Amino acid sequence: MFYEVQCLYSLGTKMRRPGPPFKGELTLQKWRDGTNAGNVRLRADLLGANRKPATYCLVDAVVVKITESGMVVMGTEVVPRNESSKANVEYYVQTWWCRLLPGKMEFLPEPPRELPKWRRAFEPMA
């Protein structure tokens, strides 16, 4: 679904006014944290133009409230300390106010459909 998302916190500190809105496709998906405990958690991502992340993802996300005009998603924001390291991150409390956008957004192209390997073998050669 396509949403306009406003972050209510900045590096764990509540802002007086919500930040500028990010537009994109909001996805809530299950993911495993990599431990052997087998815990399944919920992750929230906002994909902007060209399917690139519009803002940092939320892990341990929880949909707190759903209203006619949108929903509130709370979680832990994962912020990298620098561009080169995936493991070097900081965690902050974050809350998103998400407003549903009407229709489909023009700047998000459909992902390319790639044929499976076994099917490509039967395609006629040009």
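Modeller: Cys57 has a relative accessible area of 14%, so this residue counts as buried. Cys7 is buried as well, at 8% relative accessibility. The model is a predicted one, and a search of the whole structure turns up 0 disulfides. A disulfide is a covalent bond between the sulfur atoms of two cysteines. For Cys7, the closest cysteine sulfur belongs to Cys98 and lies 8.9 Å away, which is too far for a bond. The cut-off applied to such a pair is 2.5 Å.

As to the fold, the chain has 8 strands and 1 helix. Read from the N terminus, the order is β-β-β-β-β-β-β-β-α. Strand β6 covers residues 58-66 and runs antiparallel to β5, to which 2 bridges join it. In that pairing, Val59 of β6 stands opposite Arg43. On β5, residues 40-47, there is also an antiparallel pairing with β4, residues 22-32, over 8 bridges. There Val40 in β5 has Arg32 opposite. In a regular strand the side chains alternate between the two faces of the sheet.

For the chain as a whole, 28% of the 126 residues count as buried. The exposed surface comes to about 9,300 Å², with 55% of it supplied by carbon and sulfur atoms. Of the contacts between residues at least 6 apart in sequence, 41% join residues at least 24 apart.

Key. Residues numbered from 1 in each chain as written. Predicted model: local features only at pLDDT ≥ 70, side-chain atom pairs only at ≥ 80, totals over all residues. Heavy atoms only, no water. Helix = DSSP H or I, 4+ residues; strand = E, 2+ residues; numbered from the N terminus. Buried < 20%, exposed > 50% of the residue type's maximum accessible area, 1.4 Å probe, protein only. Contact = heavy atoms within 4.5 Å. Areas by Shrake-Rupley, 256 points an atom, 1.4 Å probe, with all protein chains shown as cover. Pairing = 2+ DSSP bridges.
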